[in-house]
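This report is an introduction for someone meeting the structure for the first time.

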Amino acid sequence: MAQDNTRKPVRVWVDGCFDMMHFGHANALRQARAMGDYLVVGVHSDAEVEQNKGPCVMKEEERYAAVAGCKWVDEVVRDAPYVTTMEMLDTYDIDFVVHGDDITTAADGSDCYQLVKDAGRYRECRRTVGVSTTELVGRMLLLTRDHHIRGSRSVRSPIQGVDAAAVADFSQGIPAGALTGIAHYLSTSKKIVQFSSGREPAPGDRVVYVDGAFDLFHTGHIEFLRRARELGDYLLVGVHDDQTVNAVKGSSFPVMNLQERVLGVLQCRYVDEVVIGAPYSVTKDVLEDVYHVDAVAHGASDQPLDIDGKDPYALPKERGIYHEVDHPGLNLTTSAIINRIIDNRHVYIERQARKAKKAVCEAEAEQREKEVRAALHI
């Protein structure tokens, strides 16, 4: 919404757990931001989420940082209450709350937004079908590759960074019905356009190129992209396709398919443009054909060789434009997140079962609310 200086800016509130912040979360934030001029996002603490929903995969500081990294967010409120109160809205001078078109309940089964609904300060946005934190945890519990976009470049190898014995033991004995089914998100050109900045490099801008899988887009990625962006004026990000990632990393990697990972990268405030299906090795075409690349950056960590055994950054190193970026988030990787699930297997299986049961109750409550609305012609 374009801001008119003659009126008070419309301040919008969204709150949530934002565990394993994904493009579905970002799409809700995009829609909410479009309804006003300033978006305030409340993020629940670990204690609040544990009490009302179950354990988070990501720690609260990681979740705060992930939300702050979204380009549609203007302000983050830490430790927001799980049940949205009028006091919180008045404290932050909020005009209305936005939530997806589904019901969220607290531990006692009450609607978390009933108070603001009753006050007429509630609006809905469309939920992104095909992705949720529960669904992503289910993929990791099942170690499936059903979500990959199929191609010819696929080989089997152990999961890089995850103990193979633990995986073999972990994938056995999961009770039937404890996990949600694997959804298949289908992206469209419209969605990519909605997430894209649409900005081209200005004359004289220094273009920085980075690449990677960017699987389970997390705060380690965000901090790396922030620091890479500081090397220039325009950040171009190459995202490898599913077969390339699987050939290098093996097993069920990537956890998210190419379309999902591209949207995850595009929602980041430090990213200007994305190369979809970028080659694993940086080529002359990458450096010259999209834009003239002035610098290539990579994290200061071990980089697997390409499947031909060559250094993927050989060309930018030869040209003297290669930079290593060190940052405090290097220890947070996709493998580390999967290991959190593996190390707490029984906790997350129980979490999935509990959330599945809760989802049924919420769907029933949502249906009752729709019937009441229909009866009242709302």
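## Terms and model

Helices and strands are DSSP runs, a helix (H or I) having at least four residues and a strand (E) at least two, and they are numbered from the N terminus. The model described here is a predicted one.

## The second largest pocket

The second largest pocket holds about 780 Å³ of space. Its lining is made up of 32 residues, and those nearest the centre of the pocket are His221, Lys249, His298, Ser301 and Thr333. At least two lining residues are supplied by each of β6, α9, α10 (242–249), β9 and α14, and the largest share, 4 residues, comes from α10.

Sorted by class, this lining contains 17 polar, 11 nonpolar and 4 charged residues.

## Helix α9

Helix α9, which spans residues 219–229, is mostly covered, with 8 of its 11 residues buried. Among these buried residues are His221, Phe224 and Leu225, and what covers the buried residues of α9 includes the strands β6 (207–212), β7 (234–239), β9 (295–299) and β10 (322–325), together with the helices α3 (60–68) and α14 (334–343).

In soluble globular proteins, nonpolar side chains tend to be buried together. The largest nonpolar core here has 65 residues, of which Leu29, Val210, Leu225 and Val237 touch the most other members; helix α11 (residues 258–266) gives the largest share of this core, 5 residues.

Beyond its neighbours within four places in sequence, Leu29 is in contact with residues including Val14, Phe18, Leu39 and Trp72.

Definitions and conventions:
Residues numbered from 1 in each chain as written. Predicted model: local features only at pLDDT ≥ 70, side-chain atom pairs only at ≥ 80, totals over all residues. Heavy atoms only, no water. Buried < 20%, exposed > 50% of the residue type's maximum accessible area, 1.4 Å probe, protein only. Contact = heavy atoms within 4.5 Å. 1 Å grid on protein atoms, 1.4 Å probe; cavity = no way out; pocket = protein on both sides within 12 Å on 5 of 7 lines; lining within 4 Å. Points joined across faces, edges and corners; volume = space filled by probe spheres on them. Nonpolar A, V, L, I, M, F, W, Y, C, P; charged D, E, K, R; others polar. Core = buried A, V, L, I, M, F, W, Y, C linked by side-chain atoms within 4.5 Å.
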